[in-house]
Amino acid sequence: MSVTDEIFEIFARRGDEAYFGEPVSQTEHALQAAYQAEQEGAAQTLIVAALLHDIGHLIHGMGEDIADRGVDARHEAAGEAWLARHFPPAVTEPVKLHVAAKRYLCHTDPEYFSQLSPASVQSLALQGGPFSEREARAFESHRHYREALRLRRWDDAAKIPGLEVPKLEHYRSALNAVARQT
Ligand code: FE
């Protein structure tokens, strides 16, 4: 099975699950994030990163209420580990950093925190809260941190119930182009 087919199967199996405390499914969330990336003219690798940024939620077995139970599933690390088998750092690094990007933006942008959804505020505490000044400077030393910040904004906005966006099939060629099909 190609990695693209594997990804389609993961979304078919788990994608209808709710996106943690938000009014969209996992698949709707992924498709809305990817479409914003495409609309902003992002590189193909970053569009794929936006599409797959929460794959860590879909490949682990924990239910959608994990944050309510006080557990941080570290989905960004699980996602990165899974993706690294097939995708280059331009995909895996923004995925790995997309939670750190939230902590960074909470430190640097006062407006940002006030726009977070209640579920996102709840998970922020479990994820370690806003970065300190030192942590924020360290975050900026990552090669792909700017891409991670862009991805984060799309992630936060990808929670609109009923929004019409292209389906998963729309990204098949991008997935085939970016993944190592080995
Ligand atoms: Fe997300």
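Helices (H or I, at least four residues) and strands (E, at least two) are DSSP runs, numbered from the N terminus. The structure described here is a predicted model, in which local features need pLDDT of at least 70 and side-chain atom pairs count only at pLDDT 80 or more, while totals for chains, interfaces and linings use all residues. Residues are numbered from 1 along each chain as its sequence is written, and side-chain values use heavy atoms, with hydrogens and water left out.

**Iron site**
- Y19 (OH), H29 (NE2), H53 (NE2), D54 (OD) and D155 (OD) coordinate the iron ion at 2.1 to 2.4 Å; donors are N, O and S atoms within 2.8 Å of the metal (3.2 Å for Na, K and Ca), and sites may look incomplete because water is not among the atoms.
- The spacing of these donor residues in sequence is Y-x9-H-x23-H-D-x100-D.
- H53 counts as buried because its relative accessibility is 1%, where buried means under 20% relative accessible area, exposed over 50% and partly exposed in between (1.4 Å probe, protein chains only).
- D54 is likewise buried, with a relative accessible area of 5%.

**Largest cavity**
- Two cavities of 30 Å³ or more are present in the structure; on a 1 Å grid over the protein atoms alone, a cavity is a set of points where a 1.4 Å probe fits but cannot get out, a pocket is an open set with protein on both sides within 12 Å along at least five of seven lines, and lining residues have an atom within 4 Å of a point.
- The largest cavity holds about 40 Å³ of space, a volume being the space filled by probe spheres set on the points, which are joined across faces, edges and corners.
- Its lining includes the iron donors H29, H53 and D54, together with F11, Q26, A30, L51, I55 and L58.
- Two or more lining residues come from each of α2 (26-39) and α4 (55-59), and α2 gives the largest share, three residues.

**Second largest pocket and α6**
- The second largest pocket contains about 170 Å³ of space.
- Of its 11 lining residues, R74, E76, V99, A100 and R103 lie nearest the centre.
- α5 (75-83) and α6 (89-108) each supply at least two residues of this lining, with the largest share, five residues, coming from α6.
- α6 is largely enclosed by the rest of the structure, because 15 of its 20 residues are buried.
- At H98, α6 bends by about 50°, the bend being the angle between axes fitted to the seven residues ending there and the seven starting there.
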